[in-house]
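Me: I have a model open and want to learn how to read its features. Can you take me through some of them?

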Amino acid sequence: MAPSTVDRRKRKAVSTDDVASSDVESEVEFGDGLLEGILSQSESEDSDEDSNAEEDSDEEEIDLEELEALDSDEIPSEESEDEAEELNGGLVKSNGTKTLPVREQALLAEEDDKPNYTVTTDANGGERYVYEEIDPVYDSDDSDAPITTNTIGNIPLSFYDSYPHIGYDINGKRIMRPAKGEALDALLDSIDIPKGWTGLTDPATGKPLNLSQDELEILRRIQTNEMPEEGYDPYPATVEYFTGIEEIMPLSAAPEPKRRFLPSKHEAKRVMKIVRAIRQGRILPYRPPEERQEEEEETHYDIWQDEQPRPDHIMNIPAPKIAPPGYDLSYNPPPEYLPTKAEKQSWDSADPEDREKEYLPTAYGSLRKVPGYEKFINERFERSLDLYLAPRVRKNRLNIDPASLLPKLPRPEELKPFPTVCSTLFRGHDGRVRSLAIDPSGVWLASGGDDGTVRVWELLTGRQIWSANIGDEEAVNAVRWRPGRDAVILSAAAGEDVYLLVPPVVDPETDAASRELLDRGFGHATNATQALTANGARKEPVAKWARPGSRLEDEGVLIKITLRTTVKVISWHRRGDFFSTVSPTAQKSAVAIHTLSKHLTQIPFRRLPGIAQTVQFHPSRPLFFVATQRTIRSYDLQKQELVKIIQPGARWISSFDIHPGGDNLIVGSYDRRLLWHDLDLSTRPYKTMRFHQKAIRAVKYHKGGFPLFADASDDGSLQIFHGKVVEDMMENATIVPVKVLKGHKVKSALGVMDIDWHPREPWCVSAGADGTCRLWM
Amino acid sequence: MGRIKKKGTAGQAKNFITRTQAVRKLQVSLPDFRKLCIWKGIYPREPRSKKKASKSAGHSTTFYYTKDIQYLLHEPLLQKFRDQKALEKKISKALGRGDVSDAKRLEGNASRPEKTGRTKYTLDHVIRERYPTFVDALRDLDDCLSMLFLFANLPSTDTVPAKMIARCERLCLEFEHYLIVSNSLRKSFLSIKGIYYQATIQGQDILWLVPYRFNQRVTGDVDFRIMGTFVEFYQTLLGFVNFRLYTSVGLVYPPKFDKARDDLGAELGAFSLEGNGVGAIEQPKQITNGEKSKPDPKLQAEIDKLMSQLNQPEKETGQEPPTSQTLADDEEEPTDTIDKFEPTAPGGDILLQPSYSATDPSTLFSNFTFFLSRETPRQPLEFILKAFGCKRIGWDAVLGEGAYTHNESDPSITHQVVDRPPIADLEAEEQTEDNQTAQKLRPGSRVPGRIYIQPQWVWDSVNDEELKRPDLYAPGAQLPPHLSPFVKKVRGQYDPSAPLNEQEREDEELEAESDDEEDVSDEDEMADQEPKLLTTMEVDATAAGMDVAGSDDDSESQEGDLDNDEEFGGFSDAESDEEDEAATLAMQRQRELEAEAKGEQVEEKKVDPVAKAKADARKKAAKKAKEEDEELERAKMMMSRKKRKILEKMVYSNKKKDSEAETLRAKRRKIEKSGKAAPRA
């Protein structure tokens, strides 16, 4: 609605101009200016037409002005028309003389061929054609634009209060103020409201604004959201372009099919189906939209009613259970479980992944102080991840006693006896003791050393009984007793010579027997040598068997065998008739086998694949073992063939010994290894023992029934092992290290040079580079 | 000669299948595959040789057994998944078309467990497959219970629907009811993570963890879809287990659930159990007390007197009928139990027999009436007390519905569980009139004739199967340490409940003391030492080799730089000892000589028997250690390298354990010396 100020002004306007109200009314019917202009030229008087056209444009302006000034809902066109009428009236009055011909003209204009001019006489009396003004029909473009009458523009009407006119029309003529009624008239007007009274003043004309019945009807329609125009159809029925036109000729001349005229059986069937369903109640005419019936209680039943145990699949690994909580997880643990400050700090500073426990033991003192555990959900989540995502592996946890992994060893008590302590010290040698041996009766010890002497000691007391200087400048490299109790013969090697001695320590009978045994071969030897020389005169004997000379013979040295090169090793056959010597530096005759009864020396190997180190006779069979630097070869002496090549894997074999049983041997090497070979098992070692810091010089089995063996090393120690060989072929030998015997001093990088066992007791003797021998028992 | 075998057609290459291959073979999406694996219990494996198992030269992947995946191919759930997938496609298509009504209709058929808390399919057959027998199911119940109890305490979110939580809670409470009825709860432990419970059902020990009632902190790295899948399975499992358990004790499953009471916070009380008329049941009845009607001051005074007298044998409060009952029991059933065999004459072997615990868990609290103060955790206390035979538990009205009484001054209450510090000025006389009349007691006031204890008393009593001394657990008292009942006592491990000198190595204290410069030399310490040595001797007689190994290592560490790989120490023998002896003798003589030169007496050295004994002991220990060490070295040398490695690994772990125990012992020794230790129950 319009603001109240505007209303008031209008009221004022109403009170001022009301005179022409009746006049206006009457003239509304009289004619529509617009219509006049378009339809006919009935009033085609020049000035009239002129003013009419001008009024049109004028009215537009005023309309704009009014809209802005009042924004009321009056319809300005009406007033402007009124105004136009008025002007017309004025015009009519002013040139009343000319009205009649104009009328005539209007009447004439009904005909089509009327001329568009009038003929008048001009001042000269001549004929003058006065043409009508050309109507450019401007308003044909905007027919619905209101006609402006007042041209004063957008200024208040009050500016003209002091004038008799209220503005100018399009032609610049004054628009006269309408006559004003008295205040009483206004009052009367207000009392009996005339038809179409609005109480508003038309600003364009200054007259009260009245609305007609039609206009009110339009307003009502607009207010009620109806179409303003009555009977206007906004949605007219579509007239289809093609089908809207009824064709006279059909497209197809075929007659309509019969089915167009018969009711469908199929549809009847379907309908009947539905009808039947409705009758039977299968289809309810209306079913309320049901809420999802998920509330239905789940069914419980005994799923294990007929349970049958089924063994787990063999590859199934059940998930491990979570470990039960320990003491430190308690809310009130014993105080010793609480972390110290340092532990706490290290826990805090550690990365969460690195922490050993994901929690820190805390004492809360009272249950009400225990907070919620922050990582509860996370831990459970981790656990569920583990359950379905972690690859499971069956791991054999070593949850066993580590002691059970240790090999089952015989107890130390069972291993006993073995030598543990040095009981006797044999001092006397000047320089190293190179070799030593205990005689088969176990009473004497023979030793030979760098000083060139061979000495015989009483084993238990350590007293030197006898000594002989055999090698003048040469060291005694090997000392061995002849096996067998019938005679006491000692063999010793010094330089290229091998001496056979009978030390004067035994009873005379044995002594005599020994001498007799040694001398027996002389005749044979001479025969043999004679035969030899007779057969091939050029051939030089391998060794010379001779008497050593009277000085030595007095001391008990009976035979001297001279070989070509230095003899390092002497090894006796178990029967005591043969012995073998090794002189590593010799090329072809490194290994020699001597026959005592014949005083005969033979060279069994013409060629050896390496430098011979040491030799051994097999304790029971006719086998002969030769150790070169890398390998040990065993030869059958009877068949004269190679039986086996044993490869200990050592770089330089120093010595070896054969187990009395004959199926095992131990090898010592300069590269600090002690190797046990099971000859039945393999040519490779069964056990390798590396317990020495320095080279191993000598190894030896106990030959008198104790499962012992020992080795001697340059580090000055002896190691005693328990090596039990079982008769059972399936069982391997048990080897247990039992003792380290230390006592010998290391002199110029040499420690213990030789070792030997007592034939019956678990005692051993060792020869040291420090010039002593020791008895360990 | 056979044909040359193609590579990758047999053995590991055939037995294992990568995850991608498996998913492709099953034609399911990865989440569906995950679900299947979780439900069917299929897990990845670790092939012995990854290189052989994987066809490609790629890096590590997850491998499954081909057989497992083949077995999944026949799974009915797979079809369900496919149907669901097709349905989802239809729905999305309908939505794309803008066909809302169609989409809605299809949506009605879809499975939306996150909304409804229920799926369209059941996992019954999976349960049956995975657990062919009931005992199998019980064996696997640990994770199930832990998970469901956690979910019962979770807040509902869009990934964890409220219905799921409610169902978890119901299942858990039903299970607790079974435990109460069958008295099968055995142990419980208050840890910093939550409360551990252990029940024994049909011979299976089931251990689970229940969080404390706090809002759980949910971090972003937890995928609740995975947990939800587990929960879905576990719910089905526990439902069936509960059914079986309930029917086995003659109860109807599911028990009646009173929604109204549950809304009031009566958790266990919201269920009412009823017998199914098949088996005999013992219903937990509410026992009303006659005394309750008239609290007679005289009677109260009498009870007070009685209670003050009976501080230690508090079982006697109402013990007469049970004793007679137990007697009768003894006579009635001579057949069921194992008779004890005592050797009549010496010389026979001793055969082990399983031992029965002396007390029945159902009678531990059966004669008491408990009242829980409002600061105590009601749910665990109610459960554990009921599970151990208590019939009448009252609590503060704040703690919810379902109590025997909400009246704190109820005269029938024998024990009150309190967890608040005592108020210093506590007048006994001012409350004498009050407690008869007042409904509510003043906080901190005591009712005479009632035992006030902290909650830990309940747990410790339960775990030790005997009532603990209540004075140790009085309100405000420093509690004895709460020990885990699940730790098995292993020799060599530290046991906080045993006295210190029983479990330490014989030389340990000596070492510790030598660190302390042996300033204490009392006669009683000598006396202490003798029994200790005795016990260690006993222990050694029965010892497994473990301890030997352990002490070996210790001595080895003492000796330090002994290179044990290539060296061989040999045997010790009498020699060294003799030398030692000789040395000491020489020293003695030397001292005597010196003393003579000074003109003094030499007695004072001999008078100190303690030091001598100690020195002897030390020497003995050292000698023994040395011997054992030699022995070990000898044995080690005979092992192959591989075996030796294993041994060393084991020895290492044992050593670690030992050192842990040793630090604990050292800490305790320090604490005991400082005299700040709490009493040990």
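Me: Which strands form the open sheet in chain A, and in what order?

Reply: First, a caution: this is a predicted model. The open sheet has four strands, in the order E7-E35-E34-E33 of chain A, and their pairing is antiparallel.

Me: Which are the edge strands?

Reply: Look for strands that pair on one side only; here these are strand E7 (422-427) and strand E33 (752-757) of chain A. Neighbouring strands in this sheet are turned by 20° against each other on average, direction ignored.

Me: How many bridges join E7(A) and strand E35 of chain A?

Reply: Five bridges, in the antiparallel sense, with E35 of chain A covering residues 772-776. For one bridge in detail, take A:Arg427: its partner in E35(A) is A:Thr772.

Me: Now a single side chain. Is A:Tyr388 buried or exposed?

Reply: Buried counts as under 20% relative accessible area. A:Tyr388 has 8% relative accessibility, so it counts as buried. A:Tyr388 belongs to helix H11 (residues 376-389) of chain A.

Me: Which residues is A:Tyr388 in contact with, leaving aside its neighbours within four places in sequence?

Reply: They are B:Arg34, B:Ile38, B:Ile42, B:Tyr43, B:Pro44, B:Tyr64, B:Ile226 and B:Phe230.

Me: Which aromatic cluster includes A:Tyr388?

Reply: One cluster takes in A:Tyr388, B:Tyr131, B:Phe230, B:Phe233 and B:Tyr234.

Me: How many aromatic pairs are there over all chains?

Reply: A search of the whole structure gives 44. B:Phe175 and B:Trp208 are both buried.

Me: What is the geometry of the pair B:Phe233 and B:Tyr234?

Reply: Check the centre distance and the angle between planes. B:Phe233 and B:Tyr234 are tilted, with 5.9 Å centre to centre and 55° between the planes. B:Phe233 and B:Tyr234 are also both buried.

Me: Where does the charged end of A:Arg392 sit?

Reply: For a charge over a ring, look at its distance from the ring centre. The charged end of A:Arg392 is over the ring of B:Tyr43, 3.7 Å from the centre. In chain A, A:Lys687 lies over the face of A:Tyr686, 5.2 Å from the ring centre.

How values were computed: Residues are numbered from 1 along each chain as its sequence is written. Chains are lettered from A and ligands numbered from 1 in the order in which they are written. This is a predicted model: local features need pLDDT of at least 70, side-chain atom pairs count only at pLDDT 80 or more; totals for chains, interfaces and linings use all residues. Side-chain values use heavy atoms; hydrogens and water are left out. Two strands pair if DSSP finds at least two bridges between them. Helices (H or I, at least four residues) and strands (E, at least two) are DSSP runs, numbered from the N terminus. Axes are lines fitted to C-alpha atoms, for helices over the stretch in contact, and angles run from 0 to 180 degrees between N-to-C directions. Buried means under 20% relative accessible area, exposed over 50%, partly exposed in between (1.4 Å probe, protein chains only). Contact means heavy atoms within 4.5 Å. Rings of Phe, Tyr and Trp (its six-membered ring) pair if their centres lie within 6.5 Å; planes under 30 degrees apart count as stacked, over 60 as edge-to-face and the rest as tilted. A charge sits over a ring if NZ of Lys or CZ of Arg is within 6 Å of the ring centre and within 35 degrees of the ring normal.
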